[in-house]
Amino acid sequence: MAAKTERQFVRKTGGICLRADARWAGRMSRGYPLMFCGDVSVMLPGNALGAFLLHQRLSEGQIPALLPLTQAEREHCRNRLVGQVAVITGGASGIGAATARMFTRHGARVVIADIQPSLGEKLLKELGPQAEYVECDVRKEEDIEKAISKAYELENRLDVVHSNAGIIGCVGPIDEVRIDEYDATIAVDLRAAVIAVKHAVRFMKPQKRGSIVITGSVASVRGGMGPHGYTVAKAGLLGLVNSCAAELGQHNIRINMISPELVSTPLAAFALAALAEGGSQSVTVDDIDRIVKQNSMLPDRLLTHLDIANAALFLASDMGGYISGHNLVVDGGKTAAHVLQAGGNHWSTKYMPMVAENDFVNGRDVEGLHDTP
Ligand SMILES: NC(=O)c1ccc[n+]([C@@H]2O[C@H](COP(=O)([O-])OP(=O)(O)OC[C@H]3O[C@@H](n4cnc5c(N)ncnc54)[C@H](O)[C@@H]3O)[C@@H](O)[C@H]2O)c1
């Protein structure tokens with residue numbers, strides 16, 4: 001939404017012009033066709049006179065910028081989660097944070113359950129009153145239960161649970177895996193999802209409605225895409241989704257999974273650093289984006305947080321209303337094509353000899369990832 005149009009609006013109507021989240025705007029603008037989509041920029045009349053003038057000018061077509069949505073645009077922009085409540089574990093960073101932005105933008109109230117309060121608070125400032133942060137270590141059942149209960153109590157409903165928190169966990173060849181580290185990996189990457197589903201369903205069953213989304217990985221469906229513990233956990237999530245889809249359909253609860261390829265987040269950076277052969281160069285967001293691009297099946301197209309958040313929205317909302325037990329792989333077709341590119345991001349380059357050596361990771365730490373928009 002151009003600032004010019006906003007100024008024009010204020011001048012013509014005597015109203016006020018706000019950038020607001022869609023849900024709040026939906027409440028405030030009741031009765032007026034005021035909602036903009038795309039950039040989620042919203043104009044609201046500031047007082048009765050403003051409202052009247054605005055209405056009049058809208059009817060007369062004097063403020064063309066307020067009226068040009070086509071049917072297709074309206075359809076595209078509709079608020080998919082208005083009035084709904086969602087919980088996102090690991091929602092303070094990366095994919096989870098992008099999903100929190102997407103869900104609030106589509107009208108949901110979101111509980112961000114994470115162990116990074118500073119990032120959580122920062123995100124809350126951006127998302128406003130639609131979002132809450134709950135300290136939640138997904139290794140602890142009581143924490144997950146608390147986060148889900150808190151979400152339910154917001155509106156006496158629980159619509160979406162996105163079990164997303166994850167870590168890379170133990171690394172190294174299989175004959176050197178430390179079993180305590182493996183257990184710790186499974187606790188976050190697999191066991192926590194089982195707990196989240198358990199407690200989500202306890203609220204969703206009585207209301208006979210709900211959607212559960214779990215973040216898997218391309219490592220859920222192929223070897224060599226992550227370290228062993230991570231791969232075992234992510235593959236286990238597929239079993240969880242299949243098993244629960246078979247049981248939960250009768251309660252009108254859907255459960256699905258998103259399996260992204262490499263996307264620029266702290267976790268991805270940790271993975272790249274873990275793949276590296278020593279050294280201490282820093283890895284910047286740009287570096288990771290370059291690597292993601294190098295690996296992309298789609299020329300000149302980066303996989304972004306937004307792509308994953310779009311997939312989450314699709315599965316969480318009624319857009320995916322007849323989909324359950326599905327694993328939506330978001331990888332540009334890489335796993336479908338069985339491609340293990342030389343120069344690609346493959347754990348197998350280090351631990352599994354059949355894939356060509358890659359050359360992009362040279363032992364680097366990670367910097368500036370939380371600055372990613
Ligand atoms: N980034 C990728 O390339 C990629 C690819 C495939 C799958 N994934 C998956 O996406 C999910 C999100 O990861 P991301 O890439 O956004 O990384 P990220 O590091 O940005 O986010 C992970 C979040 O999980 C939280 N978390 C970790 N341990 C936790 C715990 N014990 N309790 C609560 N929260 C905890 C972290 O604090 C962080 O906010 C993970 O499940 C990951 O496996 C990521």
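Which residues does K150 touch, not counting residues up to four places away in sequence? K150 touches V111, E132 and V134; contact means that two C-beta atoms, placed from the backbone, lie within 7 Å. The structure is a predicted model, in which local features need pLDDT of at least 70, side-chain atom pairs count only at pLDDT 80 or more, and totals for chains, interfaces and linings use all residues. Residues are numbered from 1 along each chain as its sequence is written.

K150 is found in helix α7 (residues 141-155). Helices (H or I, at least four residues) and strands (E, at least two) are DSSP runs, numbered from the N terminus. K150 and V134 are 16 residues apart in sequence, and their C-alpha atoms are 8.3 Å apart in space. K150 counts as partly exposed because it has 16 C-beta neighbours inside 10 Å. A residue is buried if 20 or more other C-beta atoms lie within 10 Å of its own, exposed if 12 or fewer, and partly exposed in between.

The protein chain holds 13 helices and 11 strands. Of its 373 residues, 45% are buried. Among contacts with a separation of 6 or more, 68% join residues 24 or more positions apart.

Helix α6 (residues 117-127) has four named buried positions: L119, G120, L123 and L127. These fall within an arc of 100° seen down the axis of α6, so they line one face of the helix. The arc is that of the directions from the helix axis to the C-beta atoms. An α-helix has 3.6 residues a turn, so residues three or four places apart point the same way. The face turned away from the buried side of α6 carries the exposed residues S118, E121 and K125. The cover over the buried residues of α6 includes α5 (94-105), β4 (109-114) and β5 (131-135). Just after α6, G128 takes a positive phi of about 80°.

Positive phi also occurs in two residues other than glycine. Phi of N156 is near 55°. N156 lies in the loop between α7 and β6, and counts as exposed because it has 9 C-beta neighbours inside 10 Å. Phi of K208 is likewise near 55°. K208 sits in the loop between α8 and β7, and is exposed, with 10 other C-beta atoms within 10 Å.

Strand β7 (residues 210-215) is mostly covered, with six of its six residues buried. On one side these are G210, I212 and I214; on the other, S211, V213 and T215. Strand β6 (residues 160-163) runs parallel to β7 and is joined to it by four bridges; strands pair if DSSP finds at least two bridges between them. V161 has I212 as its bridge partner in β7.

The largest nonpolar core has 85 residues. Such a core is a set of buried Ala, Val, Leu, Ile, Met, Phe, Trp, Tyr and Cys residues joined through C-beta atoms within 7 Å. A86, I112, I148, A200 and A312 touch the most other members. Helix α8 (residues 179-207) supplies the largest share of this core, 11 residues. Leaving aside neighbours within four places in sequence, A86 is in contact with L81, F103, A108, V110, D159, V160, H162 and A316.

The ligand is surrounded by 28 residues, of which G90, G94, G166, T265 and L267 are the closest. A residue is near a molecule if its C-beta atom, placed from the backbone, lies within 6 Å of it. Helices α5 and α10 (266-275) each supply at least two residues of this shell.
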